[in-house]
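Colleague: I have not looked at this one before. Can you walk me through it?
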Amino acid sequence: MEEFQISISQFKEGKFQEALAQINFCIKKDSENPEFYFFRARVLSRLGNFDSALLDFNRLLEIEPYNPSYINDRAVVLHLMKNDEDAMAEFDRAINLDPKNPYRYASRAYFRDRIGDLKGAIEDYEKAIELDPEDAVAYNNKGLVEEKLGYQQRAKSSFSKADDLIGYKPNEKPEPKPVQKKEVENFFDNNSDGDLNKLTFGNYFSMVKNILTNQKIRNEFVVFLKSKFSNNSK
C-alpha cells in the first residue's frame, strides 16, 4: 500500500505526526493488518503517546500471544511508562519464547543497564556474545558496563575484542576515553532537535536489529563509538 510506504518514509524523516496520519488512514482501509498496528505502535511511542502504543501492542498480542517481537517491543513501552517490573517480565517472556536469538538478550541487557542492574546486564551481553561471537557491539557495550562496575581489566579486554572484530587499531589515534551514556543515546535519537528525552531506548532496538543482521552496519557503529572516544579526548 502506497500510504504505508509514505508513512514509513515520514517516520524516517522525523515527521511523526504526518506518519501517524498516514498509518491511521491505512488502518481505516485495512483494519485487519497487524503490520499496520505494529508500525503505529512505534509511531505513537515516538510521539510519547505510550498509553495508545500499549493498546496497539495489546491488540497485537490478542492476535499472536506468543510473538516475541511484539512482546519485546511492548516491554520497551512499559519501561518508558516507568513500569519496570512488568517490562522485565515481558523481556523475560520474549527470551523464553526466542532463546536462541542474541537480540533478545541484547535488548534485556540494555534495559538492565538503564535500571541499574549492571551485573545482570553483563550476564545478558555475555549470553548474546555466546550466541553471536562476532557481535562487536555487545563486546563494546559489555565493556562500558564493566567500567561502571570498576572492572577495568575486564572492560579493557571487552573493548579490545570489539576492536579486533571490526579491525579497529586504537594505536593509530589518541587513546579513547569511555563513551558517555548520553553520547550513545544521542546516536540513536534521530530527532532534528537532538532531544535526548524522546525514546532513545526505543531507537536503540531499531539500531540493534540492523546491527545484528548487517555486518557493515555493525562495524560502522563501533567505529562511530571509537570516533566519539577520540573526539572527546581532544
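Predicted model: local features only at pLDDT ≥ 70, side-chain atom pairs only at ≥ 80, totals over all residues.

Colleague: Noted. How many helices and strands does the protein chain have?

Modeller: There are 13 helices and zero strands. Read from the N terminus, the order is α-α-α-α-α-α-α-α-α-α-α-α-α.

Colleague: And what percentage of the residues count as buried?

Modeller: The protein chain has 234 residues, and 48% of them count as buried.

Colleague: What about contacts between residues at least 6 apart in sequence? What share joins residues at least 24 apart?

Modeller: That share is 54%.

Colleague: What does S7 touch?

Modeller: Leaving out residues up to four places away in sequence, S7 touches A19, Q22, I23 and F39.

Colleague: Next pair, then. How do α2 and α3 pack?

Modeller: Helix α2 is residues 16-29 and helix α3 is residues 34-46. They pack at about 155 degrees, with axes 10 Å apart. So α2 and α3 are roughly antiparallel to each other. The crossing of α2 and α3 is left-handed.

Colleague: What makes the contact?

Modeller: α2 brings F16, A19, L20, I23, N24, C26 and I27. α3 brings F36, Y37, F39, R40, V43, L44 and R46. Eleven of the residues in this contact are nonpolar, one is polar and two are charged.

Colleague: Switching to rings. How many aromatic pairs are there?

Modeller: The count comes to seven aromatic pairs. One of them is F11 with F39, an edge-to-face pair. Their centres are 5.5 Å apart, with 65 degrees between the planes.

Colleague: Where in the chain do F11 and F39 sit?

Modeller: F11 is in helix α1 and F39 is in helix α3, 28 residues apart. The pair links distant parts of the chain. Both F11 and F39 are buried.

Colleague: Give me another pair.

Modeller: F38 and F57 are also edge-to-face. Here it is 6.0 Å centre to centre and 75 degrees between the planes. F38 is in helix α3, and F57 is in helix α4, residues 50-63. These two are 19 residues apart and also link distant parts of the chain.

Colleague: Why do F38 and F57 count as buried?

Modeller: The cut-off is under 20% relative accessible area. F38 is buried because its value is 18%. F57 is buried because its value is 2%.

Colleague: Which residues form an aromatic cluster?

Modeller: F4, F11, F16, F36 and F39 form one.

Colleague: Further along the chain now. What is phi of K82?

Modeller: Phi of K82 is near 65 degrees, a positive value in a residue other than glycine. K82 lies in the loop between α5 (68-80) and α6 (84-97).

Colleague: Is K82 buried or exposed?

Modeller: K82 is exposed, with a relative accessible area of 74%.

Colleague: Last topic: how does α6 pack on α7?

Modeller: The angle between α6 and helix α7, residues 102-115, is about 160 degrees, and the axes are 9 Å apart. That makes α6 roughly antiparallel to α7. The crossing of α6 and α7 is left-handed.

Colleague: Which residues meet between α6 and α7?

Modeller: On α6, they are D84, A87, M88, F91, D92, A94 and I95. On α7, they are R104, Y105, S107, R108, F111, R112 and I115. By class, the contact of α6 with α7 has eight nonpolar, one polar and five charged residues.

How values were computed
Residues numbered from 1 in each chain as written. Heavy atoms only, no water. Axes fitted to C-alpha atoms, helices over the stretch in contact; angles between N-to-C directions. Helix = DSSP H or I, 4+ residues; strand = E, 2+ residues; numbered from the N terminus. Parallel < 35°, antiparallel > 145°, perpendicular 65-115°, else oblique. Left-handed = near helix turned anticlockwise from the far one by under 90°. Contact = heavy atoms within 4.5 Å. Nonpolar A, V, L, I, M, F, W, Y, C, P; charged D, E, K, R; others polar. Phe/Tyr/Trp six-rings, centres within 6.5 Å; stacked < 30°, edge-to-face > 60°. Buried < 20%, exposed > 50% of the residue type's maximum accessible area, 1.4 Å probe, protein only.
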